[in-house]
Amino acid sequence: MPFAQQLWQAMLRDLPLISGPLTLFFAATIMLWPGDLLLPSNKKHIWAPITLGVLAVSAALVANTANGSGFSSMFQVDGFTRGFQLLCTAAAFITVVLSQPQLNALQEQTVEYYALILFSLGGMQLLVGATDLVSVYFSVELMALCIYILVAYLRTQERSIEAGVKYFLLGAFSSGILLYGISLLFAAGGGVTTNLLQLNQKLALATHNNSLLVFAGVLMVLVGFAFKVAAVPFHMWSPDAYEGAPTPITAYLSMAPKAAALAAFLRVFGTGLASVHSDWSAPLGFIAAASMILGNVAALRQQSIKRMLAYSSIAHVGYMLLGVLSKDPLGGARAVWLYLLTYLLMQSGAFAVIIHLQGTGEGERLDDFRGLARRRPMLAFAMMVFMLSLAGIPPLLGFFSKFYLFMLAIQQGQYLLTTIALLTSAVAATYYLGVVNLMYFKEPTGVQLPRLGTALALTVGCTCGLVLVGTCFGPWLLDWAQTITWF
Amino acid sequence: MEQSLAVIGSHLFLVFGLLALGGAATMVFARSAVHSVVGFLFCMLALASCYLCLGAEFLATAQILVYAGGIVVLFLFVVMIVELSKYKEQTRFQLHTPWAVGLVVAGAAAFIAVFWQTYFSPSAPQALTLDPTLAQGLDVANQNAQAISRGLYADFLLPFEILSVILLVALVGAVVLAKAERT
């Protein structure tokens with residue numbers, strides 16, 4: 001068979017695997033051109049419902065993709081891929097809903113905003129299924145490039161530009177480190193493969209000579225990924241990016257790219273570098289412990305709620321790294337997935353409340369929450385639920401996933417790290433309860449707030465309800481987590 | 001005949017290598033920015049000739065297209081747009097230079113140590129080879145353009161396609177960040 005014909009057949013065979021991301025790419029391109037040209041300039045607000053429709057179609061395609069591996073085993077669809085793809089898609093959906101009040105207020109309803117969200121989501125969907133270091137690297141870059149632009153999207157505000165530039169420079173730097181690490185691992189494996197499973201076997205057989213090369217490569221890949229998930233000591237960009245970005249994008253940053261990067265983290269270290277577990281377990285343990293401690297302690301002193309949530313998300317990443325550390329990678333993946341699912345609910349609810357307050361020029365500073373219970377009792381109650389759940393107070397959903405994750409860590413014999421996690425959780429409760437204290441026991445200062453928009457009310461209501469009663473559905477959630485598998 | 005061609009080839013390689021070094025030196029030491037760019041262009045062309053001497057015609061073409069074409073034009077734009085004369089009086093060595101040099105030396109030493117131990121210690125493994133299956137049925141020495149195309153479109157199809165999306169996103173991003181203020 002001629003070479004070109006072989007290529008064509010291989011492509012036709014493999015394309016259904018990436019139908020979800022392909023839909024996103026095509027839709028985003030058509031929206032940019034000729035879609036934006038054909039739409040009259042007073043109708044730009046309909047891009048939001050169109051984007052939501054595209055996201056729903058992509059989610060349906062992703063959920064129905066059959067298992068399989070393709071593109072010279074660079075991409076694989078399995079339960080793990082589907083689970084994390086759906087998680088990221090849900091995060092993008094919520095972000096588009098949350099974006100509406102701010103985009104309308106700033107008159108920034110532009111097609112590029114939605115197109116960039118779709119492109120970045122496409123990158124994430126490819127990333128979580130990538131089974132080759134080369135495709136991992138390119139997907140990470142696609143995802144990150146879109147996010148840099150989205151962070152700097154409010155280009156008239158100095159803060160937003162500063163955040164974008166900082167994030168871009170550090171991100172580019174970390175990509176360089178990641179790529180260098182990948183090339184070292186490629187060399188250490190004999191220079192024949194970057195496929196994760198094959199590389200795992202090669203590294204297991206690496207000669208004593210190569211051990212230093214393997215260690216250097218593993219360490220650099222670890223640093224690259226730690227940058228991407230914002231783990232201490234590679235977290236410096238995160239608080240500034242969170243604070244400067246438009247608030248809906250902050251919500252997006254804390255949910256979707258984090259989920260995708262953690263998924264890649266799990267797959268690369270769980271399947272590709274499992275044979276050299278001893279090389280990375282100690283450094284990763286240090287990173288996890290440092291993230292928990294520094295994230296929670298630094299969050300205590302923040303005056304801006306966005307910065308506080310940035311540091312708290314660093315701490316949450318620290319907890320989730322316990323799952324990556326697990327010697328049973330699949331069990332770790334399940335625990336992390338469950339954790340991310342509940343984190344998505346709490347975080348999107350909390351950001352919906354912040355965005356609503358921001359619509360009236362408040363919500364940036366913690367003091368804006370002073371006496372919220374008197375002014376808007378329902379909103380304050382929802383915020384209290386989210387804060388308590390983030391703190392991991394039983395019987396809320398946040399406790400359930402945290403319990404599952406910590407139990408796994410104890411079963412794996414990580415007593416020291418679990419102890420640190422428990423202690424720092426107690427520290428975390430201080431600042432989460434601080435917000436509750438401000439809302440319920442302080443005198444209100446601000447003016448009367450306007451009514452909550454339908455979309456925001458729906459988001460807050462749904463997430464609050466789910467966080468409140470989610471634990472009752474624990475067995476179903478655990479069953480659901482069991483569908484996270486790879487082969 | 002063959003032998004004398006090989007000798008000429010290796011001599012040519014040396015000549016072009018020296019020319020490239022000269023171009024690079026011009027670029028670094030020239031006072032005027034335009035002279036620097038011309039030195040850079042010279043260096044890149046000489047490097048492309050070096051690749052040709054080594055029988056890597058695809059790499060040579062790509063080198064000319066990307067560096068001698070794209071990057072040099074970009075540099076010239078910057079030289080024309082930015083007024084460089086006000087930067088002339090700056091001191092060449094700043095306070096943090098020793099630290100930077102020290103860090104670079106330490107990093108270089110660490111990596112030389114790693115590679116030394118890996119490849120030159122007594123029980124070093126065989127030399128690195130590219131994946132032989134990538135070049136199946138091809139005479140890589142004479143058909144490296146075909147070998148590269150096979151790698152791009154067969155084995156690395158997915159990353160190649162992702163790369164095209166990345167370039168599209170870069171374009172969109174440049175437009176988003178640079179477009180005029182709405183009035």
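**View 1. A:F80 and A:F84 are both buried in this predicted model.** Buried means under 20% relative accessible area, exposed over 50%, and partly exposed in between (1.4 Å probe, protein chains only). The two residues sit in helix α4 (residues 79-106) of chain A, 4 residues apart, or about one turn of the helix. Helices are DSSP runs (H or I, at least four residues), numbered from the N terminus.

**View 2. Tyrosines A:Y148 and A:Y167 form an edge-to-face aromatic pair.** Their ring centres are 5.0 Å apart, with 90° between the planes. Rings of Phe, Tyr and Trp (its six-membered ring) pair if their centres lie within 6.5 Å; planes under 30 degrees apart count as stacked, over 60 as edge-to-face and the rest as tilted. A:Y148 belongs to helix α6 (residues 133-151) of chain A and A:Y167 to helix α7 (residues 158-188) of chain A, so the pair ties together parts 19 residues apart in sequence. Both A:Y148 and A:Y167 are buried. Ring pairs also bring in A:F168 and A:W237, making a cluster with A:Y148 and A:Y167.

**View 3. A:T193 lies in the loop between α7 and α8 (196-204) of chain A.** A:T193 has 7% relative accessibility, so this residue counts as buried. Beyond its neighbours within four places in sequence, A:T193 is in contact (heavy atoms within 4.5 Å) with A:F186, A:Q198, A:L199 and A:K202.

**View 4. A:E112 and B:K179 form a salt bridge between the chains.** Their closest N and O atoms are 3.8 Å apart. A salt bridge is a side-chain nitrogen of Lys or Arg within 4 Å of a carboxyl oxygen of Asp or Glu. The count between chain A and chain B is 1 salt bridge. In all, 43 residues of chain A are in contact with 37 residues of chain B.

**Notes.** Residues are numbered from 1 along each chain as its sequence is written, and chains are lettered from A and ligands numbered from 1 in the order in which they are written. In this predicted model, local features need pLDDT of at least 70, side-chain atom pairs count only at pLDDT 80 or more, and totals for chains, interfaces and linings use all residues; side-chain values use heavy atoms, leaving out hydrogens and water.
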